[in-house]
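Okay, thanks for coming, everyone.

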Amino acid sequence: MGGSRTQVNKAHKTRFSSKASRHLHKTSLQDKSRIAKSERNVGKGAKAARIQRNKMLRDQKRAAVLKEKRASGGSTSSPRVIVLFGLSAAVDLNSLARDILALLSSEGSGVSSSTVASSEYKLRATVLKAPHGDLQSCIEMAKVADLIAFVASASYTCEGSISDYIDSFGSQCLSVFRSIGLPSTVVLIRDLPGEMKKRHDMKKMCTSDLASEFPEDCKFYPADTKDELHKFTWLFVEQRLSVPHWRSQRSYLMAQKVDAIADSGNSGKCTLLLTGYLRGRSLSVNQLVHVSGAGDYQLSKIEILKDPFPLNARKKQDFMDSDDMSDLEVVRCLVPDPLKQEPLLVENVPDPLAGEQTWPTEAEIAEADRNQKQKRSRTLPRGTSEYQAAWIVDDTDEDDLDSDDEADGMILDEREVDFPSHQDNNNFDLSDDRASLNLRDSDEETDVDTVMLGGEELTREQLEDEIKKLKNEHADDEEFPDEVDTPLDVPARKRFSKYRGLKSFRTSSWDPKESLPPEYARIFAFDNFARTQKHVLSKALEMEQEESENCISANSYARLHIKEVPEGIASKLCLLVKERPVTVCGLLQHESKMSVLHFSIKKHDSYAEPIKAKEELVFHVGFRQFVARPIYSTDTMNSNKHKMERFLHAGRFSIASIYAPISFPPLPVIALKYAEGDGAPAVAAVGSLRSIDSDRIILKKIILTGYPQRVSKMKASVRYMFHNPEDVRWFKPVEVFTKCGRRGRIKEPVGTHGFMKCIFNGVLQQRDTVCMSLYKRAYPKWPDHHFPIS
């Protein structure tokens with residue numbers, strides 16, 4: 001047989017043969033001429049291609065590094081922000097800041113501003129002093145810092161801390177800075193002895209003690225004399241600065257000046273003017289902006305101003321010769337396009353008629369009239385309306401309900417209105433509709449949204465009792481999680497009417513769109529969040545590269561006109577800028593809309609008080625701040641259902657779910673908690689943004705417990721789980737289990753006091769405890785106000 005089936009022997013493997021040439025014998029003869037390369041050029045071509053490709057990659061990296069260096073250290077770049085943070089209260093930051101500003105100032109005399117331009121070092125810098133003890137100010141400064149200079153005093157030692165030179169507040173802030181994301185860092189050592197040998201030994205001792213608390217590339221510099229600061233400054237100029245990834249994705253402006261102009265056409269509102277250098281990325285006048293702690297707003301105008309701190313000495317002299325430093329020259333003015341401006345849409349406006357049915361036909365009306373006439377009279381609780389009476393079940397229907405429940409295998413949360421009355425429950429008749437409402441909402445007693453009264457409404461003894469009660473609940477939740485007692489005065493079928501049983505927590509189905517709360521009509525959801533995020537980020541990158549007329553580039557000195565800001569908030573910001581930086585960041589598309597955000601957080605080591613679910617916390621997410629009342633849940637990997645936790649326990653990560661404005665990850669989160677009657681916040685938890693998903697199912701679990709009274713092998717009579725036979729029949733479809741691992745079912749009620757017969761899959765012990773798990777879906781609580789300053 002000839003032709004294409006001619007035998008081709010396999011060639012000998014050589015050292016330099018490629019994989020393609022070794023497998024050439026496996027291809028057909030027709031393809032050999034197309035695939036095969038000339039043996040003369042096969043080595044030379046591959047090597048030349050590799051060399052060319054490596055050269056191209058080197059050129060690209062060199063160009064990227066050069067561009068980054070020019071952007072961060074050139075004459076057109078914005079001033080570098082140096083934050084001085086004292087590791088202990090004994091550090092004198094004022095003298096260090098004066099020395100650095102005097103060194104960078106050309107005159108060498110007194111400096112009136114915290115921003116200076118040095119033509120000698122070819123550097124512009126803004127020096128900020130982090131106030132020791134003010135946590136909020138330290139966090140805001142760390143968010144905008146290009147370099148954090150940690151200052152240690154060699155003559156001061158701290159007892160009982162992680163380091164001899166770091167006190168408790170310094171240690172707390174260090175952990176918070178790590179959670180936010182550390183920029184470039186250095187450690188400046190002050191108060192070293194004058195003698196050379198002792199000075200060297202003390203510096204070496206400080207360095208070895210502090211090295212474990214900082215990144216590996218962190219440098220340590222003595223900073224007592226002018227020569228030492230001169231050396232540090234030259235190294236800082238040549239240093240390539242690194243910033244957190246989340247900060248490089250957004251444009252932001254640290255305001256050096258805050259003003260407010262009253263809006264004549266809108267009472268109670270004003271236009272907020274924020275002046276400073278734009279950093280990060282370009283900002284469009286059509287974008288929405290977030291004022292840190294104050295909320296999201298639209299821009300009415302952007303003015304690009306003449307740089308007040310030019311690096312060129314001649315330009316600087318011209319600027320100093322001007323009459324008034326506050327009257328800056330406007331180089332360019334941008335006005336938003338009404339057709340392209342992003343709308344300030346926060347909440348969805350629900351349609352109250354969206355769930356209504358169509359108008360009934362005449363036949364349906366006639367049939368309803370006939371049913372109304374044929375309706376037999378019944379004895380109803382006083383105050384019951386006709387609509388409520390239509391839902392009350394008769395005694396004759398009880399058996400049908402029991403058989404339906406047994407077939408379903410779960411307790412449905414729709415059945416929550418009424419139950420057959422009997423002789424023992426005559427005193428349970430409700431007097432009016434208000435009592436019915438209160439009883440229906442009595443399920444909230446086991447919820448964790450109990451709000452403590454304000455500190456001014458409680459005496460000191462009452463406040464201590466509330467705190468002691470909260471700590472006892474936290475301890476009980478750790479020792480006996482999810483266990484609740486069945487009330488004696490309210491039937492369990494009414495008390496736990498919103499709960500249902502699940503055959504398997506992992507595999508049983510639960511519809512995420514079922515019985516949603518009213519708050520879900522006010523939020524926004526994504527069909528595919530990952531695809532939306534990819535589209536939004538690519539759109540922002542295109543805007544950065546296009547250099548549109550509606551955008552101002554990074555490193556520009558600009559004045560932002562933010563419209564329709566409440567006058568109370570504007571006046572607070574004007575006072576706040578004297579204490580800490582007021583930051584404005586540009587928002588991406590959709591980031592002003594409310595949704596359900598999920599954070600992976602861990603309780604901070606320095607916070608010892610219990611954190612109950614639905615307690616109000618202030619979340620710092622990137623540059624943004626908002627108030628929320630989260631619920632906590634586990635992160636179940638192999639299931640779409642997650643178990644709710646009543647407390648945020650220490651030592652492990654939990655998922656915190658809140659109603660908040662949309663933010664695209666990755667972003668760090670710091671959760672602060674304000675103590676009762678005290679304005680100083682404490683760091684409660686740290687973590688990162690996990691996802692945005694309104695369909696995430698969080699189930700609150702309760703366990704009802706009973707105790708065997710008489711045991712006969714696999715059968716037992718159980719008491720104290722329920723207190724009347726109707727409750728036993730109601731919960732009969734739900735499976736029971738024991739703490740020793742037996743599983744079973746309820747057979748029938750016994751007597752009139754809630755005893756019941758149960759059958760198990762193995763021999764039951766007298767000392768065992770019989771349990772029943774019930775579940776209901778839990779949701780975060782809508783906050784009373786969204787932003788801290790408001």
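Let's begin with strand S17 (residues 594-603) and strand S24 (residues 681-692), which run antiparallel and are joined by 7 bridges. When I say helix or strand, I mean DSSP runs, numbered from the N terminus: H or I with at least four residues for helices, E with at least two for strands. Two strands count as paired if DSSP finds at least two bridges between them.

Before I go on, some housekeeping. This is a predicted model, where local features need pLDDT of at least 70 and side-chain atom pairs count only at pLDDT 80 or more, while totals for chains, interfaces and linings use all residues. Residues are numbered from 1 along each chain as its sequence is written, and side-chain values use heavy atoms, with hydrogens and water left out.

Back to S24. Lys602 stands opposite Val686 in that strand. S24 is also joined to strand S23 (residues 668-674) by 7 bridges, again antiparallel, and there Tyr674 sits opposite Pro681.

Zooming out, the chain has 19 helices and 30 strands. Buried residues make up 45% of its 790 residues; buried is under 20% relative accessible area, exposed is over 50%, and partly exposed is in between, with a 1.4 Å probe and protein chains only.

So which residues touch the most other members of the largest nonpolar core? Out of 76 residues, they are Phe85, Leu87, Phe150, Leu210, Phe214, Phe599 and Phe619. A nonpolar core here is a set of buried Ala, Val, Leu, Ile, Met, Phe, Trp, Tyr and Cys residues joined through side-chain atoms within 4.5 Å. Take Phe599: leaving aside neighbours within four places in sequence, its contacts (heavy atoms within 4.5 Å) include Phe619, Val621, Ile655 and Leu689. There's a second, separate core of 29 residues, with Val289, Tyr297, Leu334 and Leu573 among them.

Now for helix H7, residues 196-210. H7 has 15 residues and reaches 21 Å from its first C-alpha to its last, close to the 21 Å expected at 1.5 Å a residue; that expected span is 1.5 Å times one less than the number of residues. Its buried residues are Arg199, Cys206 and Leu210. Looking down the axis of H7, those buried residues fall within an arc of 35 degrees, so they line one face of the helix. The arc is taken from the directions from the helix axis to the C-beta atoms. On the face turned away from the buried side you find the exposed residues Lys197, His200, Lys204 and Ser208.

What covers the buried residues of H7? The cover includes strands S4 (147-153), S5 (184-190) and S6 (219-222), plus helix H8 (226-238).

Thr115 has Thr126 as its bridge partner in S3.

Last stop, Asp784, in the segment after strand S30 (770-777). Asp784 is exposed, with a relative accessible area of 65%. Asp784 and Arg629 are 155 residues apart in sequence, yet 9.2 Å apart in space, C-alpha to C-alpha.
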